[in-house]
Amino acid sequence: MRFIADFHIHSHYSRATSKQMNIVNLVRWGQLKGINVIGTGDFTHPRWFEELKEKLEPSEPGLYKLKSEFEEAIQAQVPQKCQQPMRFILSVEISCIYKKNDRVRKMHCLLFAPSFKVAEKINHELSKIGNIKSDGRPIIGLDAKKLFQLALNASPDCMFIPAHIWTPWFAVFGSKSGFDSLKEAFDELAPKITALETGLSSDPAMNWRVSNNDKYALVSNSDAHSPGKLGREANVFNTELSYFAIKNALEKNDLKTFESTIEFFPQEGKYHLDGHRACNLRMEPAETKKLNAVCPKCHKKLTIGTLHRISDIADRKPGIKPKNSRPYKSIIPLPELISEIKNVGVNSKTVQKYYHDTLNGLGNEFYILLKAPIAEITKCSGKELANTIDKMRKEDVYIDPGYDGEFGTIAVSNKKKAKKSK
Ligand SMILES: [Zn+2]
Ligand SMILES: [Zn+2]
């Protein structure tokens, strides 16, 4: 069966997340967005782990679902046309801070467990090494390779995915504290890595420039800190619905079972270009190079974004499509499109009402953004939204790239906000 998975989110026990990030809201919002499998996030956090065990029960092998006693109340809040089965996969993001080859390394890593029992083993081992109680995304003074080994010792069925691999501060290839290759970071374990997460600030085409990574599946996830941000990016599978079928599809990097990804426009990510947010300076990689990566205003090192970092490591020119590359589609979240046509804030009541009315009439957000016939959108939600979605699908958009922690803007018609892409 075809299903959509978003593997990387955070619970309300992670820093800077919404109080709304609890299980029932994930079940509701997963359906509104059109996601079938959501990573639980944060399974190392004792209280979140308790919540997971209280609310979830086993379904297909390695996956979990909401217990029926909690289902009815939440399904009443999901429009008929959006209702679909929702599954969970046990996941956590861990921030590893350690020294390797005489340099301090900081890397975020995604871990997946096939059962509560295996997750419990991992939690037990990690609690001996660091503090897993204070943050849903724990910071552990452990070599990322050793973390991977620890998970494999708990069960060879665990999955390991380096997170948002190109972002400057906390990533395997990050400009500030990363590595130049997976081999350097993981030695003999490098070939066992399940997949690589491209992150919001890079897309598959940018990643195709690094031939060393060709053998790994490139996954895309939302890294959502609030329910409305679920599915900003996601993965489309066409296989059996189970933990093991997902693992198999990723490890084989197979185009039939792991079909495609759904992406942010990478320029909307917070670390696409280089610059200094505090100095209000944003620049393209070529300009940064001319300045030797030193800020002309404050004379400190500029923050190097994903575009620059990829071009440093790349062995292919931009625009080359390796064979067996996986197709993807770039989207702008529906609330952002509505905000643009209504010319009011994305969190305003007007946008929220329009959003939910559209979902009531048409179905889930992925269906609306990617599949719904334009005539159907026009009929239900007006010509303006239909035109906007049509332009987004054709990638006929204005782009104002993000840098140094500042999100970029992608707009369909707002020229003041962003410059034209084509
Ligand atoms: Zn992270
Ligand atoms: Zn500066």
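A polar contact is a pair of N or O atoms within 3.5 Å; inside a protein, one atom must be able to donate a hydrogen and the other to accept it. The model here is a predicted one.

Start with the overall layout. The protein chain splits into domain 1, residues 2-268, and domain 2, residues 333-420. Their centres, taken over C-alpha atoms, are 27 Å apart. Domain 1 brings 21 residues to the contact, and domain 2 brings 23.

How much area is buried between domain 1 and domain 2? The figure is about 1,800 Å². Carbon and sulfur atoms give 65% of that area. The size of an interface is often given in this way, as the accessible area lost when the parts come together. Three residues stand out on the domain 1 side. Phe265, Gln267 and Glu268 supply 36% of the area that domain 1 buries against domain 2, more than any other three residues.

Now apply the opening definition. Across the interface of domain 1 and domain 2, six residue pairs are in polar contact, with both residues at pLDDT 80 or more. Which elements of domain 1 each supply at least two residues to the side that touches domain 2? They are α1 (23-33) and β12 (258-264). The largest share comes from α1, with five residues. By class, this side of domain 1 has eleven nonpolar, five polar and five charged residues.

Side chains of opposite charge can pair when their charged atoms come close. Between domain 1 and domain 2 the count is one salt bridge. Elsewhere in the list of pairs, the side chains of Glu365 and Lys33 meet in a salt bridge, at 2.8 Å from N to O.

The structure as a whole holds 20 salt bridges. One of them joins Asp135 and Arg15, whose closest N and O atoms are 3.6 Å apart. Asp135 sits in the loop between α4 (116-129) and β7 (139-140), and Arg15 in the loop between β1 (2-6) and α1, so this pair ties together parts that are 120 residues apart in sequence.

Finish at the metal. Which residues are the protein donors of the zinc ion (ligand 1)? They are Glu93 (OE), His108 (ND1) and His164 (NE2), at 2.0 to 2.2 Å from the zinc ion. Their spacing in sequence is E-x14-H-x55-H. His108 lies in strand β6 (residues 103-113), while His164 lies in the loop between β8 (159-162) and α6 (182-186). These two histidines are 56 residues apart and link distant parts of the chain.

Key. Residues numbered from 1 in each chain as written. Chains lettered and ligands numbered in written order. Predicted model: local features only at pLDDT ≥ 70, side-chain atom pairs only at ≥ 80, totals over all residues. Heavy atoms only, no water. Domains from an automatic or database assignment. Contact = heavy atoms within 4.5 Å. Buried area = accessible area lost by both parts, 1.4 Å probe. Salt bridge = Lys/Arg side-chain N within 4 Å of Asp/Glu carboxyl O. Polar contact = N/O pair within 3.5 Å; in protein donor to acceptor, adjacent residues only side chain to side chain. Helix = DSSP H or I, 4+ residues; strand = E, 2+ residues; numbered from the N terminus. Nonpolar A, V, L, I, M, F, W, Y, C, P; charged D, E, K, R; others polar. Donors = N, O, S within 2.8 Å, 3.2 Å for Na, K, Ca; no water.
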